[in-house]
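Could you look this one over with me before we take it any further?

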Amino acid sequence: MLGRTMLMEFRKSWKGFTIFIIVVVFTAAGMAQLFPVISEAFEEVDELEGEQFVHMEIEEDIIHLSWKEMDDFVEYIVIEDSHPYMVTSGVVNRTSLNHTSIPHTEEVRYFAVIGVTDESSKIPIGMTSTAEPRDPIEELMETPFYRMFTTGRADITFEEIEGFLSVELYSWWILLVGIYLAYISVKSITEDFEERRMDIIFSTPLPRRQYLLEKFFALSLFTLLMLVLSGIFLMLSVHSVGEAGGSVFFVSLVTSWPMFLVIIAVSMFLGVLTKSSRIAVGASFAVILVQYSLFMAGHMVESLEFILPYTISYYWDYNSILLDGIFKLGDFLVLSLLTFIVLAAAIYVFDKEDIPA
Amino acid sequence: MGKNIVIDIKDLTKMYGDVVGIKNLDLKVYDGEIMGFLGPNGSGKTTTIRTCLGLLKKTGGDVNIFGMDSHEDSVNIRKRTGYLPGDFGLYNDLKVMTILRYLLSQSGVSGESSIKRLSELLELDLKRRYGDLSKGNRQKVGIVQAFMADQDLIILDEPTSGLDPLMQQKFYGLLREEKEKGKTIFMSSHILAEVEEVCDRAAIIRGGELQVVEDIHSLKEKMGKKLVIDFENGVEQDIFDMEGVEDVKIDGRTATMIVTSNLDEVIKKVSQQNIINMSLETFSLDQLFLTYYSRGGNR
């Protein structure tokens, strides 16, 4: 009878569902609570570290650097990089004097001076840059590494809660929710095989198609419930830290639903195909992680941008809702179509195969 | 017994890759009869049953149940069929009553009176969690779910496995009751005595091929029973020299033989001697296969 299998899904899994909803709601709402502390820390950083100790003068095509001389140092090392965090820096000069000159180029350059003591220990003295003074964290966000978490958007800043949550919650939301969903979706099918329930389930006049669809609807509804609750609590949490614009967080979170429907459908398909929890859980995790990695890589490296439309994450553009207030209906349709196709494939495979004893 | 065919299996073949599950099987089960399906473990009984129910996809041949194709019309067939699998599991965390109610509602039947009646008969506690039940009690849950929707055809795969002898007798009683109501029952077993006790006819399968289909009475006649007698003073072999007694072996004071008929004569004759002990055993299935063909059983 219609709906019985769906109810059964809730009945046998409600404990796990409840625990997971609590975890997700706490994560979402808790992240917003961190915002005041973190944004404060970021606001304080408005100059390069030790900028007052290194002096720079640009004279046509020569850069003159000078710094405060100290007794403890026998040598000074000047390093430079195109970014303020000096991860890929190279040595420009080594000198025992307290100044040096370097040819000037058009590029933005950051310099750091490190003092070497007679015991060969190295102590940073300070930094300077040819760039306009900028927040190094903002610089960092524009680097390829951080573009992974900003979906390549330059207008994301930690000083606003939308930007903060975009990077710290939305960017890995698919992992937080998707991994668990994949697990329970696979299990909801493979457990019936592995616990040998299929024979009795299909001794009732339940068509195999209906069995899969009812499970799919149960898992979809559970996901929607979880997203709505997370959305509400996130909204309340944003409100409680004194920030405005709560509903945009709710909408952007709940619109991840179609993306998760794809994950549920794919996991169920893998469950039906392999009939093995171990294989199907592994395969569905791999699908999520691989597509996530490709999504990240597509944002990190420009030449890989063509990959993006082949990932699932691409079709949930949370930043478009968070930052621009635009919901992309086209993306919603792509995900719905994909869900439909994968579910149809699952039904096709399940209908034509043996149920192993 | 009516003559309407309920299960009609024609030339059914099921292969698992290159391995033969069942081969060219032909079998008819008639309305209102209890048909036993006998065979050793791994002979293809479960494969036949699960192919009939559409759980397995046939490789060749046809199965019609209630005149409907078992694959095209599987859902409609299942509306009229109860099934006890040979090996099954259910929801370990749920109470027996919850599970049975769910399964009953799937069959479109409302009301729980049949669940109550069957569980009382089999002494099954409906309030316990399925996962906490012993093997025997789990089997009872399987039996209840097979009968509870009051369907026309009941297919049972090794129904008494895990049941103690007392419960087995209750189960046989249930079978007879259902037969009275006009149900058709198709049950597999590897225990000859069980089939003898409750079935009207028996089909015997071995190595995926049907060996024989026979009325239970003629099967019994052809099969005979093993008679063992311990005499106080030993006995001469020639006193057993009569129609219906074969394979007589004397070992000291013990005589062993197979009796297919004339049991009455044998007892009368040996009663002139002093007897210490006497036993009459139904064959095991293996013994049946060993002796059946030598006794002229025909396919």
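What follows is a set of numbered points on the two chains and how they meet.

1. Ground rules. This is a predicted model, where local features need pLDDT of at least 70, side-chain atom pairs count only at pLDDT 80 or more, and totals for chains, interfaces and linings use all residues. Residues are numbered from 1 along each chain as its sequence is written, while chains are lettered from A and ligands numbered from 1 in the order in which they are written.

2. Chain B overall. I get 10 helices and 14 strands for chain B, with helices (H or I, at least four residues) and strands (E, at least two) taken as DSSP runs numbered from the N terminus. Along the principal axes, its C-alpha atoms fill a box of roughly 65 × 45 × 35 Å. Of the 299 residues in chain B, 39% are buried. Here "buried" means 20 or more other C-beta atoms within 10 Å of a residue's own, "exposed" means 12 or fewer, and "partly exposed" is in between, with C-beta atoms placed from the backbone. Among contacts in chain B with a separation of 6 or more, 68% join residues 24 or more positions apart; a contact means that two C-beta atoms, placed from the backbone, lie within 7 Å.

3. Domains. Chain B splits into domain 1 (5-220) and domain 2 (225-282), and their C-alpha centres are 39 Å apart. In chain A the assignment gives domain 1 as 4-41 + 143-352 and domain 2 as 51-133, with 48 Å between the C-alpha centres. The bounds come from an automatic or database domain assignment.

4. The interface. On the chain B side 25 residues are in contact with 20 residues of chain A. Helices α1 (45-52), α2 (74-79) and α3 (96-106) of chain B each put in at least two residues, and α3(B) has the largest share, with four. By class, the chain B side has 12 nonpolar, seven polar and six charged residues. For the classes, Ala, Val, Leu, Ile, Met, Phe, Trp, Tyr, Cys and Pro are nonpolar, Asp, Glu, Lys and Arg are charged, and the others, Gly among them, are polar.

5. α7(A) against α9(A). The axes of α7 (residues 208-240) and α12 (residues 329-352) of chain A are taken up in the next point; here the partner is α9 (residues 257-274), whose axis comes within 10 Å of that of α7(A) and crosses at roughly 145 degrees. Axes are lines fitted to C-alpha atoms, for helices over the stretch in contact, and angles run from 0 to 180 degrees between N-to-C directions. The residues making this contact include A:L219, A:T223 and A:L227 of α7(A) and A:F260, A:I264 and A:M268 of α9(A). The class count is 11 nonpolar, two polar and one charged.

6. α7(A) against α12(A). These two axes come within 9 Å and cross at roughly 140 degrees. On the α7(A) side sit A:R208, A:R209, A:L212 and A:F216, facing A:L343, A:A346, A:I347, A:F350 and A:D351 of α12(A). That contact has six nonpolar, no polar and three charged residues.

7. Two helices called α4. In chain A, seven of the eight residues of α4 (residues 161-168) are buried, including A:F164 and A:L165. In chain B, α4 (residues 113-121) has B:I115, B:L118 and B:S119 buried. Why do these sit on the same side of α4(B)? Because they cover an arc of only 95 degrees around the axis, the arc being that of the directions from the helix axis to the C-beta atoms. The face turned away from them carries exposed B:S113 and B:E120. What covers the buried residues includes α3 and α5 (135-147) of chain B. After α4(B) comes B:E123, with a positive phi near 55 degrees.

8. Leaving out residues up to four places away in sequence, B:K127 touches B:K95 and B:M97. By contrast, B:L192, in α7 (residues 192-198) of chain B, is buried, with 22 other C-beta atoms within 10 Å. B:L192 and B:L288 are 96 residues apart in sequence and 8.5 Å apart in space, C-alpha to C-alpha.
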